[in-house]
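Work through the exercises below with the sequence and the model at hand. Each task is followed by its solution in steps.

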Amino acid sequence: MTATVSYAYAVARDADGSLEEALSGLPGVAEATVHLVRVEHSDDVVVAVSPVPERDFQEAALRAHLEDLDWLESVARAHHRVIEALAARTAVLPLRLATVYLDDERVRLMLRARREAFADRLTDLAAQVEWGVKIYVEAAAEAERPAGPPTDPGLTPGRAYLSQRRAQRNAREDAYRDAEQAAERVEAAARAYAVDRVQHRPQQGELARGPGENVINDAYLVPLQQAEDFRADVMQAAEGLPGVRVEVTGPWAPYSFATLTEAEPLKRATP
């Protein structure tokens, strides 16, 4: 029999007692069945959990798994799937990816210790959604390409090369200037709606999918009833700036705004 630990997805408010049914049949990490842990039978603050193989979440194995993009994507998809199912019905506090406890009783102890902080934060985030806003400089990549054949036949090869490099440098500088302008416009548009903002580090490497260089990676917390107006105004704010791409994603559960220092899980599993 495979030993298991408890994978915790999120804290949520189960005001009408319907979440268990909403999660019925929804596969979690490792295709396991998701269930709720609560302190008392009548309490409405719950943690969504499922059993996962202990061997995959021991410290050394987890370190290795986090380098395995296929495994990581599978876990992230399951994690997100459960949180989105909860967020469609209620206020939710997503926990960090791969947060695990020795068993459900440890989850219950954590919930009992942090129950008031969770309840307060759930109240704060009720009817709020997260939008992700990324700004990319696309012309920069173009400008980094090697110079092609000279366009002016009157120039010597050396002068033609220098001319092209100067044009590339100018295009690159223009693109960053436009990106700075886009960032100012987007922030001004977002402030009209957002009640909070988190500035994440721009994505690089494997996380930076798509063309261009990611220079802004922000998350905004927006009232649900103004969500679509937020998206439309942010997209419009960056129009007319060549070489700059603005990507707005969401609405999401409030991943970037859920975790308070005092609301961190007591600990990860230490099997």
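**Exercise 1.** State how much space lies in the second largest pocket, and find the elements that give two or more residues to its lining.

Solution. The second largest pocket holds about 210 Å³ of space. A pocket here is an open set of points on a 1 Å grid over the protein atoms alone, where a 1.4 Å probe fits, with protein on both sides within 12 Å along at least five of seven lines; lining residues have an atom within 4 Å of a point. The volume is the space filled by probe spheres set on the points. Of the 15 lining residues, Ala 87, Thr 90, Ala 127, Gln 128 and Val 129 are the closest to the centre. Two or more residues each come from α4 (69-87), β6 (128-137) and β9 (244-252). Helices (H or I, at least four residues) and strands (E, at least two) are DSSP runs, numbered from the N terminus.

This is a predicted model, in which local features need pLDDT of at least 70 and side-chain atom pairs count only at pLDDT 80 or more, while totals for chains, interfaces and linings use all residues. Residues are numbered from 1 along each chain as its sequence is written, and side-chain values use heavy atoms, with hydrogens and water left out.

**Exercise 2.** Find the peptide bond from Gly 250 to Pro 251 and state its omega.

Solution. Omega is near -5 degrees, and the bond is cis. Pro 251 belongs to strand β9.

**Exercise 3.** Locate Ala 98 and give its phi.

Solution. Ala 98 sits in the loop between β4 (92-94) and β5 (100-101). Its phi is near 65 degrees, a positive value in a residue other than glycine. Most residues other than glycine have a negative phi.
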